[in-house]
Amino acid sequence: MSRIAIYPGSFDPITEGHVSIVNRGLAVADQIIVAVARNVSKTALFPLKERIDMVTETFAHNPRVRVDTFDGLLVEYARSRNARIILRGLRAVADFEYEYQMANMNRRLAEGVETVFLMASPDTFYVSSRLVKEVAALGGDITGLVPEPVLSRLPAAPSTDD
Ligand code: ADP
């Protein structure tokens, strides 16, 4: 039986931090469904379709990674996809409290669906969607921090100091 994992998030936009979690997650799951949240509490920069497109293009070469959207209870969504693993990434201590609460709540809601955490890799632990957007908006170079499909949509603003 193939092990399916759900990797849920806002992906506004997907970063190399997310890519690293997916690639390493393939060591514990046969198939990963990157589940893009339809409703994000924070105001999203990219509309849902674009967030999906960027993830789809990023993993176009990998048949073990699929892209989908979800809303409502994550554990219900996981069940509907026959997934028993929820994949999450941990960067700093700051991520821990929220993730710990969510993992325990989800286990209470659905026994048998386990949250599996992967530690951020040393080269992307400081990367977040929020920071990448801020840096790009200020004209900073985000090459290497986001996959190519994001780079072409979120280019560093041209310098205006002439
Ligand atoms: P959410 O809106 O649910 O926080 P995100 O799209 O921001 O969704 O992130 C999805 C998951 O990816 C979260 O578990 C987050 O901690 C993890 N993540 C984000 N950036 C990184 C990174 N640089 N390294 C490892 N994990 C990360």
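Visitor: Of the 17 residues around the ligand, which come nearest?

Guide: Those would be Tyr-7, Ser-10, Gly-89, Thr-124 and Val-127. A residue gets into this group if one of its heavy atoms lies within 4 Å of the molecule. Before we go on, a word on the background: this is a predicted model, where local features need pLDDT of at least 70 and side-chain atom pairs count only at pLDDT 80 or more, while totals for chains, interfaces and linings use all residues. Residues are numbered from 1 along each chain as its sequence is written, and side-chain values use heavy atoms, with hydrogens and water left out.

Let's start with Val-127: one of its backbone N or O atoms is 2.8 Å from a nitrogen atom of the ligand. Next comes Phe-11, where a polar backbone atom lies 3.1 Å from a ligand oxygen. With His-18, it's the side chain that matters: an N or O atom there is 3.2 Å from an oxygen atom of the ligand. For scale, a polar contact is a pair of N or O atoms within 3.5 Å; within protein, one must be able to donate a hydrogen and the other to accept it, and residues adjacent in sequence count only if both atoms are side-chain atoms.

On its own the ligand exposes 550 Å², and the protein buries 89% of that (areas come from the Shrake-Rupley method with a 1.4 Å probe; for residues, only the protein chains shown count as cover). The elements giving two or more residues to the shell are β1 (4–9), α1 (16–25), β4 (85–90) and α4 (93–109). These are DSSP runs numbered from the N terminus: helices are H or I with at least four residues, strands are E with at least two. By type, the shell splits into six nonpolar, six polar and five charged residues. Here Ala, Val, Leu, Ile, Met, Phe, Trp, Tyr, Cys and Pro count as nonpolar, Asp, Glu, Lys and Arg as charged, and the others, Gly among them, as polar.

Now back to Tyr-7 and Phe-11, which form an edge-to-face aromatic pair, 5.3 Å centre to centre with 75° between the planes. Rings of Phe, Tyr and Trp (its six-membered ring) pair if their centres lie within 6.5 Å; planes under 30 degrees apart are stacked, over 60 edge-to-face, and the rest tilted. Tyr-7 is buried, at 5% relative accessible area, and Phe-11 is buried too, at 2%. Buried means under 20%, exposed over 50%, and partly exposed in between (1.4 Å probe, protein chains only).
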